[in-house]
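This briefing sets out selected features of the structure shown below.

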Amino acid sequence: MGELMVDLIVTLDGCASGEGWPGWWGLEGPEYLAWLQQEAEKNYTFLLGANTYRLMSGMSQEASAGGGEFSADEGAALTGLAAVPKVVFSATLKAPLEWPNSELVAGDAVEAVRDMKRTVSGPLSTMGSLSLGRSLLTAGLVDRFRLVVFPLITGRTGSERIYDGYPDVALEMVESRTFDRGLQLLEYIPRVIDGPPGGQAL
């Protein structure tokens with residue numbers, strides 16, 4: 001069976017992006033970038049929604065054309081995404097999708113991923129797509145929940161608060177690591193729970 005991971009990069013206060021901040025909040029270092037390259041070689045199939053597809057495909061095409069204000073590392077990472085398999089869940093996009101190696105699924109994402117986990121042998125991972133990740137976690141389909149936490153609090157400029165709308169989730173840590181510049185890798189096995197132990201949820 002395929003193993004599904006929700007994979008996110010966040011600030012300490014749980015924001016996935018922030019107004020005016022560069023990619024990786026400008027804190028990527030050689031050690032973290034080398035780890036990203038190693039992860040890229042694991043043959044993930046990436047799962048994403050329509051908004052993330054539009055954003056990432058546009059950035060990938062811009063980077064491959066030599067446009068934009070991407071660093072060399074950002075440009076290489078974005079260009080390389082064209083070669084990896086991607087499944088896009090959307091009722092509004094139309095096939096065929098322009099971004100290479102992208103398959104469109106118009107039906108229910110939770111049921112489609114449930115079926116993919118039974119039939120796909122390789123690893124599955126979300127790419128951004130916060131609402132998709134939240135739906136898959138709530139449905140109990142996520143095997144790993146991985147964060148890279150950047151040492152910033154973006155209380156004024158942060159956006160896309162990832163935990164809003166989440167159920168209560170118990171997390172069993174299975175891996176942790178500190179990268180250069182203070183980035184923290186935290187990987188958990190998630191388990192959706194009803195609420196606090198021994199009592200009713202608040």
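A residue counts as buried when its relative accessible area is under 20%, and as exposed when that value is over 50%. The model described here is predicted. With that cut-off, Ser125 is classed as buried, because its relative accessibility is 1%. The points below begin with this residue and then turn to the helices and loops.

**Ser125 in strand 6**

- Ser125 is part of strand 6, which spans residues 124–126.
- Leaving aside residues up to four places away in sequence, Ser125 touches Leu4, Met5, Asp7, Tyr44, Thr45, Phe46 and Leu47.
- Strand 6 is also among the elements against which the buried residues of helix 4 pack.

**Helix 1 and its buried face**

- Helix 1 covers residues 30–40, and within this helix Tyr32, Leu33, Trp35 and Glu39 are buried.
- Viewed down the axis of helix 1, these buried residues fall within an arc of 155 degrees, so they line one face of the helix.
- An α-helix has 3.6 residues a turn, so residues three or four places apart point the same way.
- The cover over the buried residues of helix 1 includes strand 1 (4–11), strand 7 (144–150), strand 9 (168–178) and strand 10 (184–193).
- Helix 3 (72–80) also contributes to the cover over the buried residues of helix 1.

- The buried residues of helix 4 include Ala109, Val110, Ala112, Val113, Met116 and Lys117.
- Around the axis they cover an arc of only 160 degrees, which puts them on the same side of helix 4.
- Arg118 and Thr119 are exposed on the other side of helix 4.
- The packing partners of the buried residues of helix 4 are strand 1, strand 3 (45–49), strand 4, strand 5, strand 6 and helix 5.

**Helix–helix packing**

- Two packed helices are described by the angle between their axes and the distance between the axes.
- For helix 4 (residues 109–119) and helix 5 (residues 130–138), the axes come within 10 Å and cross at roughly 65 degrees.
- Helix 4 and helix 5 are therefore roughly perpendicular to each other.
- The crossing in which helix 4 passes helix 5 is right-handed.
- On the helix 4 side, Ala109, Val110 and Val113 meet Leu132, Ser135 and Leu136 of helix 5.
- Sorted by class, this contact of helix 4 with helix 5 has five nonpolar residues, one polar residue and no charged residues.
- Helix 2 (residues 50–64) packs with helix 3 at an angle of about 115 degrees, and their axes are 8 Å apart.
- The crossing in which helix 2 passes helix 3 is left-handed.
- Met56, Met59, Ser60, Ala63 and Ser64 of helix 2 make this contact with Gly75, Leu78 and Thr79 of helix 3.
- By class, the contact of helix 2 with helix 3 has four nonpolar, four polar and no charged residues.

**The loop between strand 4 and strand 5**

- Leu93 is located in the loop between strand 4 and strand 5, and its relative accessible area of 15% makes it buried.
- Not counting residues up to four places away in sequence, Leu93 touches Ala50, Tyr53, Arg54, Val88 and Leu104.
- The C-alpha atoms of Leu93 and Arg114 are separated by 22 Å, with the two residues 21 residues apart along the chain.
- Ala95 has its place in the loop between strand 4 (86–89) and strand 5 (102–105), and it is exposed, with a relative accessible area of 61%.
- Ala95 and Ala106 are eleven residues apart along the chain, and 9.7 Å separates their C-alpha atoms.
- The peptide bond from Ala95 to Pro96 is cis, with omega near -5 degrees; Pro96 lies in the loop between strand 4 and strand 5.

- Ser129 is a residue other than glycine with a positive phi, near 50 degrees.
- Ser129 belongs to the loop between strand 6 and helix 5, and it is buried, with a relative accessible area of 10%.
- Arg181, although not a glycine, has a positive phi of about 70 degrees.
- Arg181 sits in the loop between strand 9 and strand 10, and at 49% relative accessibility it counts as partly exposed.

Key: Residues numbered from 1 in each chain as written. Predicted model: local features only at pLDDT ≥ 70, side-chain atom pairs only at ≥ 80, totals over all residues. Heavy atoms only, no water. Buried < 20%, exposed > 50% of the residue type's maximum accessible area, 1.4 Å probe, protein only. Helix = DSSP H or I, 4+ residues; strand = E, 2+ residues; numbered from the N terminus. Arc of directions from axis to C-beta. Contact = heavy atoms within 4.5 Å. Axes fitted to C-alpha atoms, helices over the stretch in contact; angles between N-to-C directions. Parallel < 35°, antiparallel > 145°, perpendicular 65-115°, else oblique. Left-handed = near helix turned anticlockwise from the far one by under 90°. Nonpolar A, V, L, I, M, F, W, Y, C, P; charged D, E, K, R; others polar.
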